[in-house]
Amino acid sequence: MLDWETIDTVLLDMDGTLLDLHYDYHFWLEHLPTRYAEHTGCSADAAKNKILGMVKALEGTLNWYCLDYWSDQLGMDISELKADVAHLIKERPHCISFLSWLKAQGKRTILVTNSHQAGVDLKFKHSMIDAYLDDVYTSHQFQAPKESLRFWEQFTHNCAFDLDRSVLIDDNETVLETAQNFGIRQVLTIAQPNMQRPPREQLRFPAVTCYLQLMP
């Protein structure tokens with residue numbers, strides 16, 4: 001899918017790209033509503049409806065990804081609750097093999113994530129991906145989500161690389177569209193971010209089904 005001779009820098013998302021998105025789905029759709037219902041005394045359905053409503057209203061904004069914001073809004077320690085189900089955090093199939101291969105090829109590998117720093121720390125603690133990364137950047141550093149051009153402007157101001165000799169792999173197609181409009185020449189998406197759900201169809205960008213297909 002890629003001509004690696006034309007690529008120096010590999011930009012990688014974390015959740016749904018390097019890590020299985022099942023953990024995040026379970027947390028936001030199951031674990032958090034259950035704990036919120038216990039915390040407030042409301043019904044499980046009421047808790048889920050409230051949280052899903054907030055999620056949909058905030059989608060694509062920095063607050064959607066901000067654990068401090070959610071802690072304030074719900075009156076609970078979200079970082080602590082996320083740690084309760086940390087055993088579900090795991091790399092996508094062949095993720096580590098791919099990262100190891102990139103390092104062996106001398107490619108610069110940069111994590112670019114919308115995840116809050118506390119979430120990044122938790123994921124690093126329960127996975128092996130950080131050992132293979134050259135740099136890590138979060139949208140909270142620049143006070144703008146990756147869906148925004150402002151993020152890419154700030155990111156490239158702080159991290160120099162050749163847009164024409166880079167590839168971004170991300171499961172969020174809005175992010176990919178923004179990055180492509182900004183000037184990143186090559187972008188790929190992930191066909192199956194959540195390994196517990198079927199692969200997505202009718203995607204707008206070339207999709208990776210397995211990291212083995214990216215390694216010659």
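I began with F151, which counts as buried at 0% relative accessibility (buried is under 20% relative accessible area, exposed over 50%, partly exposed in between, with a 1.4 Å probe and protein chains only). Before going on, I noted that this is a predicted model, where local features need pLDDT of at least 70 and side-chain atom pairs count only at pLDDT 80 or more, while totals for chains, interfaces and linings use all residues. I also noted that residues are numbered from 1 along each chain as its sequence is written, and that side-chain values use heavy atoms, with hydrogens and water left out.

Rings of Phe, Tyr and Trp (its six-membered ring) pair if their centres lie within 6.5 Å; planes under 30 degrees apart are stacked, over 60 edge-to-face, the rest tilted. Y137 and F155 have ring centres 5.1 Å apart and planes at 70°, so I put them down as edge-to-face. This pair links distant parts of the chain, with Y137 in strand β3 and F155 in helix α9, 18 residues apart. (Helices, H or I with at least four residues, and strands, E with at least two, are DSSP runs numbered from the N terminus.) Y137 is buried at 12% relative accessibility, and F155 is buried at 0%.

How are the rings of F151 and F155 arranged? Their centres are 5.7 Å apart and their planes at 15°, so the pair is stacked. The two residues sit four apart in helix α9, which means about one helical turn separates them. Elsewhere, ring pairs join F27, W28, W64, Y65, Y69 and W70 into a cluster.

**The cores**

I then looked up the largest nonpolar core, which has 48 residues. Such a core is a set of buried Ala, Val, Leu, Ile, Met, Phe, Trp, Tyr and Cys residues joined through side-chain atoms within 4.5 Å. W4, F98, I129, I169, Y211 and L214 touch the most other members. Apart from it lies another core, of 18 residues, and F151 is among them, as are C159, V175 and V187.

Is β2 enclosed or open? Five of its six residues are buried, so I wrote it down as largely enclosed by the rest of the structure. Strands pair if DSSP finds at least two bridges between them. β1 (residues 9-12) runs parallel to β2, with four bridges joining them, and V10 stands opposite T109. β3 is also parallel to β2, again with four bridges, and here I110 stands opposite D135.

**Helix α10**

Which residues of α10 (residues 173-182) are buried? They are E173, V175, L176, T178 and A179. I found these packing against α9 (149-158), β4 (166-169) and β5 (186-190), where contact means heavy atoms within 4.5 Å. N172 caps the N-terminal end, with a side-chain oxygen 2.9 Å from the backbone nitrogen of T174. After α10 comes G183, whose phi is positive, near 130°.

**A last stop at S79**

S79 lies in helix α5 (residues 78-84) and is partly exposed, at 28% relative accessibility. Leaving aside neighbours within four places in sequence, I saw that S79 is in contact with L67 and A118.

Technical notes. Polar contact = N/O pair within 3.5 Å; in protein donor to acceptor, adjacent residues only side chain to side chain.
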